[in-house]
Amino acid sequence: MDRLTSALLHARSGDEQALTTAIRAGQAEVTRFLRPLVHPNELDDIVQDTFVRAYRALPRFRGDASGRTWLLSIARCAAADATRRRIRERRRDRLAETVAVEAPAADGAHALQALVDGLDPERREAFVLTQLVGCSYAEAAEICGVKIGTIRSRVGRARDELLQQVRAARTA
């Protein structure tokens with residue numbers, strides 16, 4: 001058994017020194033893995049998020065896979081979540097800019113809120129959770145008590161409806 005896996009198994013039992021050893025043993029490799037996957041400004045935060053996630057998941061680590069494999073799979077998920085979050089933020093910012101340009105008499109944020117308020121309640125809920133609050137589609141599905149595909153559909157339809165409203169305002 002390698003040093004990292006052994007340290008993680010001991011840390012699982014509450015050994016704080018083993019936890020420190022595991023973090024030190026895995027940090028460079030996690031950083032090296034994440035560097036090409038994430039924005040440079042986010043690298044340190046995502047490395048830290050990886051180890052926070054690992055700490056929370058430690059009670060479920062059985063050592064079936066190596067500690068390296070386990071940590072890198074957690075890092076992969078953290079990177080994917082960060083990328084999705086960044087994409088959602090860009091979409092939200094672009095939509096707010098579009099609304100601000102199309103409705104110059106109104107504050108862009110207030111105009112966006114008015115458009116979102118006009119959505120069907122289920123679509124509004126899915127849109128707000130995923131695009132404004134930053135929940136993943138899976139989290140939003142759990143919160144709403146529906147399947148993930150339903151959330152994706154509602155968000156897609158909400159986006160389409162918002163774009164139609166912006167285009168209608170542009171031609172008016």
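Predicted model: local features only at pLDDT ≥ 70, side-chain atom pairs only at ≥ 80, totals over all residues.
**View 1. The largest pocket is lined by ten residues.** Arg 91, Arg 92, Leu 95, Arg 159 and Leu 163 lie nearest its centre. A pocket here is an open set of points on a 1 Å grid over the protein atoms alone, with protein on both sides within 12 Å along at least five of seven lines; lining residues have an atom within 4 Å of a point. Grid points are joined across faces, edges and corners, and a volume is the space filled by probe spheres set on the points. Helix 4 (67-102), helix 6 (121-133) and helix 8 (148-171) each supply at least two lining residues, with helix 4 giving the most, five. Helices are DSSP runs (H or I, at least four residues), numbered from the N terminus. By type, the lining has four nonpolar, two polar and four charged residues. Here Ala, Val, Leu, Ile, Met, Phe, Trp, Tyr, Cys and Pro count as nonpolar, Asp, Glu, Lys and Arg as charged, and the others, Gly among them, as polar.

**View 2. The largest cavity is lined by nonpolar residues, nine of them.** About 70 Å³ of space lies inside, and this is the one cavity of 30 Å³ or more in the structure. A cavity is a set of grid points where a 1.4 Å probe fits but cannot get out. Look for Leu 8, Leu 19, Ala 22, Ile 23, Phe 51, Ala 54, Tyr 55, Leu 58 and Leu 71 around the space. Helix 2 and helix 3 each supply at least two of the lining residues.

**View 3. The largest nonpolar core has 26 residues.** Such a core is a set of buried Ala, Val, Leu, Ile, Met, Phe, Trp, Tyr and Cys residues joined through side-chain atoms within 4.5 Å. Leu 8, Val 30, Leu 34, Trp 70 and Leu 71 have the most contacts inside the core. Helix 1 (3-12), helix 2 (16-34), helix 3 (43-57) and helix 4 each supply at least two of the core residues, and helix 4 gives the most, with eight.

**View 4. One aromatic pair turns up in a search of the whole structure.** The pair is tilted because the planes of Phe 61 and Trp 70 meet at 40 degrees, with ring centres 4.7 Å apart. Rings of Phe, Tyr and Trp (its six-membered ring) pair if their centres lie within 6.5 Å; planes under 30 degrees apart count as stacked, over 60 as edge-to-face and the rest as tilted. Both Phe 61 and Trp 70 are buried (under 20% relative accessible area, with exposed over 50% and partly exposed in between; 1.4 Å probe, protein chains only).

View 5. Val 38, in the loop between helix 2 and helix 3, is buried at 8% relative accessibility. Its C-alpha atom is 7.7 Å from that of Ala 82, 44 residues apart along the chain. Cys 135, in the loop between helix 6 and helix 7 (137-144), is buried at 13%. Cys 135 and Arg 85 are 50 residues apart in sequence and 8.3 Å apart, C-alpha to C-alpha.

Methods:
Residues numbered from 1 in each chain as written. Heavy atoms only, no water.
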